[in-house]
Amino acid sequence: MKRFGTMITLSSMLAISALLPACSNNAPSNEAGKSSSASTGSSESSATATASNASSETASAGLPAKFDPPVEMSYVSYQFATLKYDKGDDVNNNNWTRMLKDEYGIVAKNVWEVPYAQYPQKTDLMIASGDIPDFFLASPTQLKQLYEADMIEDLTDVYNKYAPELVRKVQDAAGEYPRKAATIDGKLMGIPFTGVLRESVNGLWVRMDWIKKLGLPEPKTFEDFMTIADAFANKDPDGNNKKDTIGLGLDKDLAMTAPFMNMLHAYKSIWTKDADGKLVYSSTQPAMKESLIKLHDLYEKGILDKEFVVKDVTKLFEDVTANRVGMFYSAGTAGAYPLQGSKDNDPNVEWKMFPLPAYDDQPGKFQTELDIFHGFWVVKKGFKHPEALLRIQEQWLANFYFNNSDETHQKFVSNADNDTIWMESPAKLYMPTRNRDFYLLVNDVLSGKADKSTVPPGVRDILGMIEKYKAGDNQFWGQNLIYGEGGSMGVADHYINENLYVQNEFIAAPLQVMVDKGVNLTKLELDAFTKIITGNEPIESFDKFVTNWKKQGGDDVTKAINEWYTANQ
Amino acid sequence: MLKKSWKRELPLHLLLLPAAAIVFIFNYIPMAGILMAFERYIPTKGIWGSKWVGFDNFSYIFSLPDTYTVLWNTLFIACMKIVVGQVTPIAVALLLNEMRSALIKRGVQTLIYLPHFLSWTILGGIMIDILSPSSGIVNQMLTAIGGKPIFFLGDNNWFPFTIVISNEWKEFGFSTIVYLAALTGISPALYEAAVMDGAGRWRQTWHITLPGMRPVIILLVTLSLGQVLNAGFEQIFVLYSPQVYESGDIIDTMVYRMGMLSAQYGPATAIGLMKSFVSLILISVAYFLAYRLANYRIF
């Protein structure tokens, strides 16, 4: 699960073409990441919330304290293969539903529950049949269709009037884009299921033991980066007298080239604003040519694996685990996979994640997609109490994230027998910076700023693992790499605090013309970039690519996207 | 009389029912989905609610700039696969048939049959390793005899052949067994008579073994002609990369990117329908020819 999750995180973080619906791509990753973290225990978040608990947070909302008579809400849901119920429990009768019913008068009634992979198709069929439940999670494309068919409730006033503190807090932490994407014709048609893209920045992972061995500097600037990459590939860092090490790991779908391009202020396959405020396609901009020249340079010097063109991310991670790779770009969670495997194979290995090395006096910014998981929570047109959905979401946040009590943790998140209880909540939202917040709390305790007893159960679990690691158990080395001192989430923290992101400005469901031209344009781009990097085509062919891209439909797409952009400002 | 035999055979017909039901449910009912090829299909509107666009999806496909490259790649790879896929097993079956030791014969048969059971998902990873120009065993052997390493999976000149040969390596054991089964059906009396007339090994093979295999050969060739637009999705999908789009992108991989990644169900179905249509015509022609020229009927 963890392995799969990280893989998908990567590919979804990086590989999503602007022409595909971003949300459906990164869907399983977040959830998978959650499940693995839930198994190690999780719950709380922001450092300020350490003293809060469920009851004190709920009072502030304009929501009725308890629905009387109880409100029945039908919904449909997805689950992951790992879900199991405690004895006697089922989807309509478990700790979550009992709590909602007894304390808040909300009876959540599940119509059907399917594995996540089937969820998009099954909801499509359901919408086609015209019979939708009181609330459910809809994809961006479905949101648009439901709105056009007038099947869902306008939630603008409901949100403004009733949204509890916790829900607002999480929505605000996710930034303005998710709610913008959920707004059609000025009306909020769904509550965004916020995701975790911002803390999943693909920083530069570096083999620190090789740095030490070869006496190299840390990668602060682009020159450092080039020196290190060259030395890692050509100075035999593993000392076996063979040139078999890889300076910088890349994959055949070029997903991992995006952070490299970001370093050079180029952005791969997203829509960015130009000087005139128009949206332009980042892959056709002059900065892209510059980064392709640099990548070709790396290829020529033997820094890239000559065979990267046939290796996907999984295959690259095999090389990482076999300790042949010196640097690669990946999210902070790479500390668990693939890097834990690297450490298992050789206890002398040390890795560290760095921010993007500086190319000039401007810091590199990561490109990022619309930060949602799957889509938006929608409420059926005519349903009497849409605000009840906000209560379910609030309770999810209160018990999953903003909780300090071990008892609540075991009741609603996970316990020794069952680490999937958290999945039973009828509606969820993800705290966009959960792992980063965990990192901050862990480090507060480690530096003596906070006491272990004041942090949430999930953080205590991680502290326990870090203690074991410090006592010599390398099994928890990866966890320390993520949350410990100088951990990868510290890099994410830096990016979140400085807000160093370039957002894909196109955040709607794909337009028809994008769908029609997309397959061909994506292929054209991948084909051209691969050939330029490997030198099969000269760098001048970049201009030919730009011309072809425009001619084969790029101009039409640009026009349609700008029309959308003007209409949705 | 008739009634009596009907009564006797009824249970046997009933035994057929579950199989017929399965075929009906899973093969015939989904055929309604073919309608998608003529619609601007939107999942939420369903097959009956989507807009009817006639042949627009087909003209859309042929308006794409790389359709013809993809078509050519498919034909090239599939035709090579058909030819190699017939010749190799026949040759191997004939050779195995001449083997005196039953033990070696059985052993070889089993060994070459084994890769058939591995999925391409697993084999893909193994192929990338053994065909690697730097560390792969194939290229190490090549360099050992003085050759230059070849990037089998990353070189557009080599990629189609790599696909055909690796597929053949995986599948030829299976077809060989079919041919070997056909060989056991040839009466030993024919060989004895031939020996009496002074025929050597070559003559026996040419005049007895091959004619004896003829019905099976015709059957398999006829069936394989239906594969002429089928270059093997699974294999190419795990082995190809943007580097070899030029020589390795086939109809099925294009359909995958179109249908699954871009949700263009209409055009994707249209391509699928076109493929089935061409296959149907080719199989019919081959069947007709087999009947006319070899007087052989499959059904």
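Let me start with one pair of side chains: D129(B) forms a salt bridge with K315(A), and the closest N and O atoms of the two lie 3.2 Å apart. This pair crosses between chains, running from helix α6 (residues 120-130) of chain B, where D129(B) sits, to helix α14 (residues 313-321) of chain A, which holds K315(A). Please keep in mind throughout that this is a predicted model.

Are the two partners buried or exposed? D129(B) counts as partly exposed because its relative accessibility is 43%, which falls between the limits of 20% and 50%. K315(A), on the other hand, has a relative accessibility of 7%, and because that is under 20% it counts as buried.

Now let me step back to the interface that this pair belongs to. In chain A, 28 residues are in contact with 35 residues of chain B, and the area buried between the two chains is about 2500 Å², with carbon and sulfur atoms giving 54% of it. How many salt bridges does the rule find across the interface of chain A and chain B? It finds five, and one that I can show you joins the side chains of D249(B) and K523(A), with 2.6 Å from N to O. If we turn to polar contacts between chain A and chain B, the count is 12 residue pairs, both residues being at pLDDT 80 or more.

Sorted by class, the side of chain A that touches chain B has eight nonpolar, eight polar and 12 charged residues.

Let me now look inside chain A, which has 23 helices and 15 strands. Of its 569 residues, buried ones make up 62%, and among contacts in chain A with a separation of 6 or more, 77% come from residues 24 or more positions apart.

The domain assignment divides chain A into domain 1 (68-194 + 374-424), domain 2 (200-368 + 502-508) and domain 3 (434-498). The centres of domain 1 and domain 3 of chain A, taken over C-alpha atoms, are separated by 30 Å, and their contact takes seven residues from domain 1 and eight residues from domain 3. About 480 Å² is buried between these two domains, 51% of it given by carbon and sulfur atoms. Across this interface the rule finds one salt bridge, and in the pair R460(A) and D406(A), which forms a salt bridge, the closest N and O atoms are 3.3 Å apart.

Finally, a few other salt bridges in chain A deserve a look. E467(A) and K452(A) form one, their closest N and O atoms being 3.6 Å apart; E467(A) lies in helix α19 (residues 457-470), while K452(A) lies in the loop between α18 (434-446) and α19, 15 residues apart. E467(A) is partly exposed, with a relative accessible area of 49%, and K452(A) is partly exposed too, with 31%. By contrast, R207(A) and D209(A), whose side chains meet in a salt bridge of 2.7 Å from N to O, are both buried. There is also a network of salt bridges that links D305(A), K311(A), D319(A) and R324(A), and over all chains the count by this rule comes to 29 salt bridges.

Technical notes:
Residues are numbered from 1 along each chain as its sequence is written. Chains are lettered from A and ligands numbered from 1 in the order in which they are written. This is a predicted model: local features need pLDDT of at least 70, side-chain atom pairs count only at pLDDT 80 or more; totals for chains, interfaces and linings use all residues. Side-chain values use heavy atoms; hydrogens and water are left out. Domain bounds come from an automatic or database domain assignment. Contact means heavy atoms within 4.5 Å. Buried area is the accessible area (1.4 Å probe) that two parts lose on being put together, summed over both. A salt bridge is a side-chain nitrogen of Lys or Arg within 4 Å of a carboxyl oxygen of Asp or Glu. A polar contact is a pair of N or O atoms within 3.5 Å; within protein, one must be able to donate a hydrogen and the other to accept it, and residues adjacent in sequence count only if both atoms are side-chain atoms. Ala, Val, Leu, Ile, Met, Phe, Trp, Tyr, Cys and Pro count as nonpolar, Asp, Glu, Lys and Arg as charged, and the others, Gly among them, as polar. Helices (H or I, at least four residues) and strands (E, at least two) are DSSP runs, numbered from the N terminus. Buried means under 20% relative accessible area, exposed over 50%, partly exposed in between (1.4 Å probe, protein chains only).
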